[in-house]
Amino acid sequence: MSNELTPERLTGLELKEPTHIAAGIPALRYSLKHVSEYMHVGEGLETLAKLNQKGGFDCPGCAWPDPDGSRTPMAEYCENGVKAIAEEATKRRIGADFFAAHAVDELGQWTDYELGKSGRIAQPLHLRPGATHYTPITWAEAFDQLAGNLRSIDPDEAVFYTSGRTSNEAAFVYQLFARQYGTNNLPDCSNMCHESTSKALAEVLGLGKGSVTLEDIHNADLIICMGQNPGTNHPRMLTALEKMKENGGRMISVNPLPETGLMRFVNPQRPLKIATRGTTLSDLFLQVKVNEDQSLIRAWLKILYDREKRSPGTYFDQEFIRDHTSGYDELAEMLENTDLDACIANTGLTRDEIEETAGLIHGSERIIICYAMGLTQHENSVDTIKEVVNLLLVKGSIGKDGAGICPVRGHSNVQGDRTVGVWDKLKPELAEALRNYYNFEPPTEDGYDVVKTMEAMEAGKVKVFFAMGGNFVSATPDTERTARGLRKCDLTVHVSTKLNRSHLVHGREALILPCHGRTEIDLQAGGEQFVSCENSMGVVQMSKGILEAEDMNLMSEVAIVCELARLTLPESNVPWVEYRKDYDTVRDAIAACIPGFERYNEKVRQPAGFYLPNGPRNRRFETSTGKAQFSSTELTPNQLAEGEFLMTTVRSHDQYNTTIYGLHDRYRGIHNERRVVMMHADDIAALGAVSGTVVDVTSEYGDEKRRARKFQLVPYSIPRGCVAMYFPEANVLVPSGVTARGSNCPISKSVRVRFEVI
Ligand SMILES: Nc1nc2c(c(=O)[nH]1)N[C@H]1C(S)=C(S)[C@@H](COP(=O)(O)OP(=O)(O)OC[C@H]3O[C@@H](n4cnc5c(=O)[nH]c(N)nc54)[C@H](O)[C@@H]3O)O[C@H]1N2
Ligand SMILES: Nc1nc2c(c(=O)[nH]1)N[C@H]1C(S)=C(S)[C@@H](COP(=O)(O)OP(=O)(O)OC[C@H]3O[C@@H](n4cnc5c(=O)[nH]c(N)nc54)[C@H](O)[C@@H]3O)O[C@H]1N2
Ligand SMILES: [Mo]
C-alpha cells in the first residue's frame, strides 16, 4: 500500500555545485525548453506574451502582484511561471484509451512526475465500485450520480475541499452551494499554508492579510525576508527586491538554507544587467536553526529594548506605540525578564550576527518583513508571526510608505478564495449577507478544516469528498492516514486539470471531472467569460483565457458548481443557470455580499484592477481594542532527544506543490533525485554515513511510528541537527495529531525524525 503513495524507486542522484546566481540567461533557456517540450512553439510564445497582461490571464504560478498599470508586451514573466503555464497548456491528452490501458493500481506505481507528465484529462471519468479502471462517463450521468449521492446523505457527511487556483467567481458559487446544501465543511489549501498568518494577523492587526503594496516593497529601507525562497517560489519578487536595492534599501534574509534567490539576482529582462553579475540582494544572511525564528526576533527586541531604556525614544517609535498600540507594558515586562543569551543560543547564530542585524534594524525607518512557509508551518507559528508584528510595532513600521507586514501567499488565488467565503468557519457578517441576499439560513457550526477532515474521514464520518482542484492525499500530512480516510469514503470526486495521486487513492467509487485551466477560453451561453483573482497584496484583477481547448470535453469550474447545485438543490432560489451563463451576475452577487467589492463589475474591468480595503495599511486596526496589539508569548525552543533531528520540508526548483515538473533542483545542485535528505556533512559523518548513503527516516508522535523508506543523504549547508527533505515525498513523516496551536496548520516545517542507515 505504501508503495502506491510514494513509489520508492531511486532515480539516480547527481550532485553539482549549488548555483550562486538566480535567473538570468539559464532561467530563460530552461523556461523555453519547457514551452517547446509541451506546446507548439508559436502558440507558446503567444501564451507568454499574454501572460499577466491586460486582457490576458493571471499567471497560475504564484500570487506575487504584477506591476500596476502600464504593461509592456512580455512585461513580467519568470521561469517558473512559464513552467506552470506549459504544464497546463500541454498538448498531451489522456482520455478513454489511456485509462483503458492503465489500471488504477498500475498508475499507483508511477511517480508524481510520471503522473503529471501524462497530460491533460480530456473527458469525465468514473471508477465504478470494485472496478480496476476508470471508464468514460457523460457529464449528465456524472452529475446525476453525484447529486444523487449528495441528496441521500446528511450534509455534514460531505466535504468540499478547495485548492487556491479557483477564481473568485467559482469560489463564491462553491461556498454558496455548500452552505445552501447545509454544511460549512469547506477545508482549503490555506489550512496547510497561511492559516497561521490569517489567525495571528486578524488577532493583532485586525486583518488576516498583509499590509503592503508593491510600491512599499520598492520604497523600503530594510526588508527582512524570513522563511521564504523567492528565487524558486516567487521569482518575480526578485525584480521588486532589485528595485528596493537600487533605491538604497537593504535586505536581511533568515533561512536555514542559503537559498540562491536570496543571494544574487540577474534580471533576465534587463540584458545590460546580465552582462554584469547582477544585484546582490541579501546584505546579511542569518542561517538560523529550523523553527528558531521566534528566538531570533525576541533577541532583536531584547537588544533594542535595553538600548531604548538607556535613551528613550531613540530605538522605539514611542509616539506610534502610544497612539496606535496596546499591550506595550506587558511586552516591556516580558523583555525585562528575557534571557538574551538563551535566545541567541536557541538560534544557533552568533551574538555578533544578531547585534549587527539589530543595528541595521535600528538604522531603518521603513521596514518590511516578508515571510512564507518557513514561518507558518510549526507548532508555535501563530506566536512567531505575532513576534514579527511586535518588531514592526516597536519600530512604528506599519501603515506608512515602505513599511509593513508581507506574508507572501502561495497559490495564485488562495487569498481571494478566502475573501469570498471559502472557509470552514462562516463569519457572522457573511452569514448575515447570505441570509439577506438569498433568503436562506446558512449553517452556523464550524465545519472541518483539512486536519479535521482527515480525522472525520478516518472515523467514517465522511461519505462524499469533493475537491475543487488540488491533490489532497499528497498535500496533506500523514499520507498513510489520509489514504486510509479517503478509502473509507463512498464517493471521491475531483475537479481537476491533470492526473494526480488523489485520483488513484479513492473512495468506493470515484469521479474525475475535468475542467478548464486559467489559460483557456471560457465560452458559456452568455458568450466568452472572464474570471478574477486577488493577489498577495489585495489587488483584484481580471483573468481571461486565450487558448482553445475544444478538443477536450471540459467544463469550467463555475459551470460545474452551478450545474451540480441546480441538480442537488432543485428548490434553490439561487439563479444557478444565470450565474453559469454570465459571470457578471456572480460578480453582482459578490458585490452585494462581500465588503470591498462594490461596483465589482466596473472596477474589475479597469486595466490594473482594484485594491480591496486594507485597515492596517492606513493604521486602522479592527481588533478588540481598536489598536494594534502587542503580544507576549512564551518561547518554546526545540527540544530534541539524542539521535533526533528537526526536519523541514521544502519545494525544489522544479515543482509546483505536488506537481513535479522535473527532477532537477538546479539552484541547490541536486539533480535527478527527489528522495533525498539535505544534512550537514558533519552530521552525515557522525551517522557513519557518506554522501549518497541510503537511509530510512522515521518520526514518532503519539504512539504511531511513521517511516519513509529509501532516501539518500546529501551533504548540504544547513545548521547541524536540522535536515531538509522535499514535499510531498516527506509527507508520510509529518504527523497530523500535532499541529500549529491556534491555526491547526500541519507542522510540515518542524518534524522530529531519526535515521536508520540500511
Ligand atoms: N515554482 C513554484 N512556485 C510556488 C509554489 C511551488 O511549489 N513552486 N508553491 C506556491 C505555494 S502554494 C506556496 S505556499 C509558496 C511557498 O513558498 P515558500 O514558503 O518559499 O516555499 P517552501 O519551499 O516551502 O520554502 C520555505 C523556505 O523556508 C525555509 N525554511 C524552512 N524551515 C524554516 C524555518 O524554520 N525558519 C526559516 N526562517 N526558514 C525556514 C526553507 O529553507 C525555504 O527556503 O510558493 C508558491 N509558489
Ligand atoms: N510537507 C509539506 N506539505 C505541504 C506543504 C509543505 O510546504 N510541506 N505546503 C502546503 C501548502 S502551502 C499548500 S498550498 C498545499 C497544496 O495543496 P493542493 O492545492 O491540494 O495541491 P496542488 O499540488 O497545488 O494541486 C495540484 C492539482 O491541482 C489540479 N489543478 C491545477 N490547476 C487547476 C485548476 O485550474 N482547476 C482545478 N480544478 N484543478 C487544478 C491539478 O489536477 C493538479 O494535479 O500543500 C501543503 N502541503
Ligand atoms: Mo501554499
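## The shell around ligand 1

In this predicted model, the shell around ligand 1 is made up of 11 nonpolar, 16 polar and four charged residues, where Ala, Val, Leu, Ile, Met, Phe, Trp, Tyr, Cys and Pro count as nonpolar, Asp, Glu, Lys and Arg as charged, and the others, Gly among them, as polar. Of the 31 residues around the ligand, N255, E259, N291, D293 and N657 come nearest, a residue being near if one of its heavy atoms lies within 4 Å.

Because domain 1 (14-22 + 642-757) and domain 3 (196-408) both contribute residues to this shell, ligand 1 lies between them; the domain bounds come from an automatic or database domain assignment.

## Polar atoms facing the ligand

A nitrogen atom of ligand 1 is 2.6 Å from a side-chain N or O atom of D293, and a polar side-chain atom of N255 lies 2.7 Å from an oxygen atom of ligand 1. The protein covers 99% of the 920 Å² of accessible area that ligand 1 has on its own, as computed by the Shrake-Rupley method with a 1.4 Å probe.

## The setting of S412

With a relative accessibility of 1%, S412 counts as buried, a term that means under 20% relative accessible area (1.4 Å probe, protein chains only). Its contacts (heavy atoms within 4.5 Å), leaving aside neighbours within four places in sequence, include D58, R165, R518, E534 and Y656.

## Basis of the values

Residues are numbered from 1 along each chain as its sequence is written, while chains are lettered from A and ligands numbered from 1 in the order in which they are written. Local features need pLDDT of at least 70, side-chain atom pairs count only at pLDDT 80 or more, and totals for chains, interfaces and linings use all residues, while side-chain values use heavy atoms, with hydrogens and water left out.

Notes:
A polar contact is a pair of N or O atoms within 3.5 Å; within protein, one must be able to donate a hydrogen and the other to accept it, and residues adjacent in sequence count only if both atoms are side-chain atoms. Buried means under 20% relative accessible area, exposed over 50%, partly exposed in between (1.4 Å probe, protein chains only).
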